[in-house]
Amino acid sequence: MNALTPSLAIVAARLPSPPSSAELLDDEVAGTTPDWRGIAVPEHLLQRFERRSDAAPLAARPIAGGQIHLLARRPGFGAVLLDAWDSTRQRWRGWLVTPDTAYADACGLVVEERDAPADPRAGLVLCDMPVTLAVTDLGACLGVFSQERLQAARWLELHGRANGAAAAPGVIARVALPGDDYALTGTPLSSELGKDGRVAYRQLLRQGLQQLQIASADAVAPAMSPVKAANASRWLKVVTAVAASVMVVQSAWLFLPKEGAVVGNAEFRSGGSGIETGVRTRVLFRAEATEAEIRTWLQREQLEIVAGPDTLGAFTVLSRNRQKVLPPPGPGNPLAVINP
């Protein structure tokens, strides 16, 4: 096989659809549905907290190639994997990084366990979205790639589009790389209009990069007019919110308890008691808040995390008390912003 032709080897993970109401009912009748309401923080979120804690010592690391750094001006938007320093332009070349592995395409490199420690905000390297940035554009370090993994990103940028697999949103597969290595990546984007949420996701990301005045590695971004620049922050917040809503709609099952089903805007099935309603609120936690602090606060306030983190890094918490009002951010709680 030609070493430059990517081929899908085995499917490593397929993102399933949410269980049907009938399946949920069968589990309840059989008595196999666990009582998740007493769990303040779901297991997959605990893993994210652990990953973030493990990666925390990397935050102040001096900038170098192979590192993943937050975008300093808009850390909630994404990060960048640094490739090499361009001494002519005095800028770093790299690729956009987001937490959203479910949106991997054939040029997307999924951050995996061998890349640890890596903050969960670094989940997917978009090798088809190379960018150039000044040193002042770089924030905290989230992770460090080995030279082999950095080479995998370079290879996917050049050859990922040659992946001949059928478009299958939500499929993560092993792709053979030169030298008996492999990468976890996705399938090509669908050409059918409106059939692949990954296409709209990338359009939103590109528009956001333009508003942040972050140039593509292949072209210099046009200067923004004073009017556009003044509204960039406000516009980007809207774009990020739209991207987050796309992610939650397409992959809501990722953030809900496996035995919970979203029935309406804020209605949930639980146990055998039918439908329960509650109030959902989006929140951002302080960056330095620990898992223990967040867990204790959630239990004290009788809240559950039911979604997130989204592309802003925000979580959605549920209160079954419809009159519940969250306390303002301040001493005694881990909140940074309510309804970002």
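Biologist: Looking at Phe-49, is this residue buried or exposed?
Modeller: Phe-49 is buried, because its relative accessible area is 14%. Buried stands for under 20%, exposed for over 50% and partly exposed for values in between, with a 1.4 Å probe and protein chains only.

Biologist: What kind of model is this?
Modeller: This is a predicted model, in which local features need pLDDT of at least 70 and side-chain atom pairs count only at pLDDT 80 or more, while totals for chains, interfaces and linings use all residues. Residues are numbered from 1 along each chain as its sequence is written, and side-chain values use heavy atoms, without hydrogens and water.

Biologist: How many aromatic pairs turn up in the whole structure?
Modeller: The search finds 5 aromatic pairs. Rings of Phe, Tyr and Trp (its six-membered ring) pair if their centres lie within 6.5 Å; planes under 30 degrees apart are stacked, over 60 edge-to-face and the rest tilted.

Biologist: Why is the pair of Phe-49 and Phe-315 called stacked?
Modeller: The planes of the two rings, Phe-49 and Phe-315, meet at 25° and their centres are 6.3 Å apart, so the pair is stacked.

Biologist: Which parts of the chain does that pair tie together?
Modeller: Phe-49 belongs to helix 2 (residues 43-55) and Phe-315 to strand 15, so the pair connects parts that are 266 residues apart in sequence. Helices (H or I, at least four residues) and strands (E, at least two) are DSSP runs numbered from the N terminus.

Biologist: And Phe-315, buried or exposed?
Modeller: Phe-315 counts as buried, because its relative accessibility is 9%.

Biologist: Which residues form one aromatic cluster with Phe-49?
Modeller: Phe-285, Trp-297 and Phe-315 form one aromatic cluster with Phe-49.

Biologist: Moving on to tyrosines, what do Tyr-103 and Tyr-201 form?
Modeller: Tyr-103 and Tyr-201 form a stacked aromatic pair, with 4.2 Å from centre to centre and 20° between the planes. This pair also links distant parts of the chain, 98 residues apart. Tyr-103 sits in the loop between strand 4 (91-98) and strand 5 (108-110), whereas Tyr-201 is in helix 4 (residues 197-211).

Biologist: What about accessibility for Tyr-103 and Tyr-201?
Modeller: Tyr-103 counts as buried because its relative accessibility is 3%. Tyr-201 counts as buried because its value is 0%.

Biologist: How many bridges join strand 14 to strand 15?
Modeller: There are 3 bridges between strand 14 and strand 15 (residues 315-319), and the two run antiparallel. Here Glu-304 faces Leu-318 of strand 15 as its opposite residue.

Biologist: How many bridges are there between strand 13 and strand 15?
Modeller: Strand 13 (residues 279-285) pairs with strand 15 over 5 bridges, in the antiparallel sense. Opposite Arg-282 stands Thr-316 of strand 15.

Biologist: And how many between strand 13 and strand 16?
Modeller: Strand 13 and strand 16 have 3 bridges, again in the antiparallel sense.

Methods
Two strands pair if DSSP finds at least two bridges between them.
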